[in-house]
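Please look through the report below with the sequence and the 3D view at hand.

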Amino acid sequence: MSPKTLEILCSPVERAPLDLATDASANGEAVQFLVNREHGLKFQIRDGIPIFVEPHQITGINSRFRGIYDSWAPFYDLLSRVGLYFLGVSEAELRKEFVGGLGIKAGDRVLATSIGTGSDLPFLPRNCDYYGLDLSAGMLRICLKKMRKLGASAELFLGQAEHLPFLEESFDVVYQMGGINFFSDQAKAIHEMVRVARRGSKIVIMDETEKVARRLEHIPGIKAWFRHQHRPIVPPTKLIPPGVQQVEYRELYDGQAWYLSFRKPR
């Protein structure tokens, strides 16, 4: 973990700064942790990924979908391509267009609040610092493999978007592509995205519409994500904090996706 990453990390609830520490495991091997001794906080690092939430700490809808994503992680990329093909959308073109619209500049620090399997990695400029958080350990394992294959670089974190482990005003671009429809607390997640964004930074959120959910809910494999009788899909336009600037909302791909962007006030 680089010093510039460590300097923006904090505990996700207390917002306490963290230090890197090394302890001996039961078999005598050196194991790294993130700690704040004043608050008695200790977060494991597994395979280079800081763990900011354990399965038993996850509640609500997040708990259900963490299990789904973990189970389907090895097949998720295939399911995604099949689902988008069924809808008449090219995944490569979708991600290329989406990433291109983020306005990432050289040297920017970019956060994906649900990085998933890292499918955006091939389309991101290599001259930015990329950070990815996800609730699913299974998805992050696939993302690690993809990074090695592509020769891409990113700092990965296991955590919840509703409790981001970063200090205020740490990122030049913050985005959420897919998944927010299934969050336990969408308003909290959006508030956190704004909190960690620098002043004037762009925040972009995109997900599928209810129209897509109804089309895909009966397809084997894919249906696990869309049998969500707990609530209909409603774009979270009413959940963005007051005072944000350059708010833009539109529907894409013949009403199959919604897109919401805005800027944090300077």
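## Residues with positive phi

Q246 is part of strand β10, which covers residues 245-252. Helices (H or I, at least four residues) and strands (E, at least two) are DSSP runs, numbered from the N terminus. The phi angle of Q246 is positive, near 50°, and this residue is not a glycine. With a relative accessible area of 58%, Q246 is exposed. Here buried means under 20% relative accessible area, exposed means over 50%, and partly exposed is in between, with a 1.4 Å probe and protein chains only. The model is a predicted one, in which local features need pLDDT of at least 70 and side-chain atom pairs count only at pLDDT 80 or more, while totals for chains, interfaces and linings use all residues. Residues are numbered from 1 along each chain as its sequence is written, and side-chain values use heavy atoms, with hydrogens and water left out.

E169 also is not a glycine and has a positive phi, of about 55°. It sits in the loop between β7 (155-158) and β8 (171-177). E169 has a relative accessible area of 32%, so it is partly exposed.

Helix α2 has 13 residues, and from its first C-alpha to its last it reaches 19 Å. This is close to the 18 Å expected at 1.5 Å a residue, where the expected span is 1.5 Å times one less than the number of residues. Its buried residues are I61, N62, F65, I68 and Y69. Seen down the axis of α2, these residues fall within an arc of 125°, so they line one face of the helix. The arc is that of the directions from the helix axis to the C-beta atoms. An α-helix has 3.6 residues a turn, so residues three or four places apart point the same way. G67 also belongs to α2, but it is partly exposed, at 23% relative accessible area. Its C-alpha is 9.0 Å from that of P55, twelve residues away along the chain.

Helix α3 has D77, L79, S80, G83 and L84 as buried residues. They cover an arc of only 160° around the axis, so they are on the same side of α3. On the face turned away from this buried side are the exposed residues L78 and Y85.

## Cysteines and helix α5

How many disulfides does a search of the whole structure find? It finds zero. A disulfide is a covalent bond between the sulfur atoms of two cysteines; the search takes it as a pair of cysteine sulfur atoms within 2.5 Å. For C143, the closest cysteine sulfur is in C128, 13 Å away, which is too far for a bond. C128 counts as buried because its relative accessibility is 10%. C143 is buried too, at 0% relative accessibility.

I142 lies in helix α5, residues 137-150. At 19% relative accessibility, I142 counts as buried. I142 and G118 are 24 residues apart in sequence, and their C-alpha atoms are 7.8 Å apart in space.

On a 1 Å grid over the protein atoms alone, a cavity is a set of points where a 1.4 Å probe fits but cannot get out, and a pocket is an open set with protein on both sides within 12 Å along at least five of seven lines; lining residues have an atom within 4 Å of a point. Grid points are joined across faces, edges and corners, and a volume is the space filled by probe spheres set on the points. The count comes to one cavity of 30 Å³ or more. The largest cavity has a volume of about 900 Å³. It is lined by 45 residues, of which Y76, M177, G178, G179 and E208 are the closest to its centre. Helix α3 gives the most to this lining, with five residues. The lining of the largest cavity divides into 24 nonpolar, 14 polar and seven charged residues. Ala, Val, Leu, Ile, Met, Phe, Trp, Tyr, Cys and Pro count as nonpolar, Asp, Glu, Lys and Arg as charged, and the others, Gly among them, as polar.

The largest pocket holds about 370 Å³ of space. Of its 22 lining residues, F52, V53, E54, Q57 and Q160 are the closest to its centre. Strand β3, residues 41-46, gives the most to the lining of this pocket, with four residues. By class, that lining has eight nonpolar, nine polar and five charged residues.
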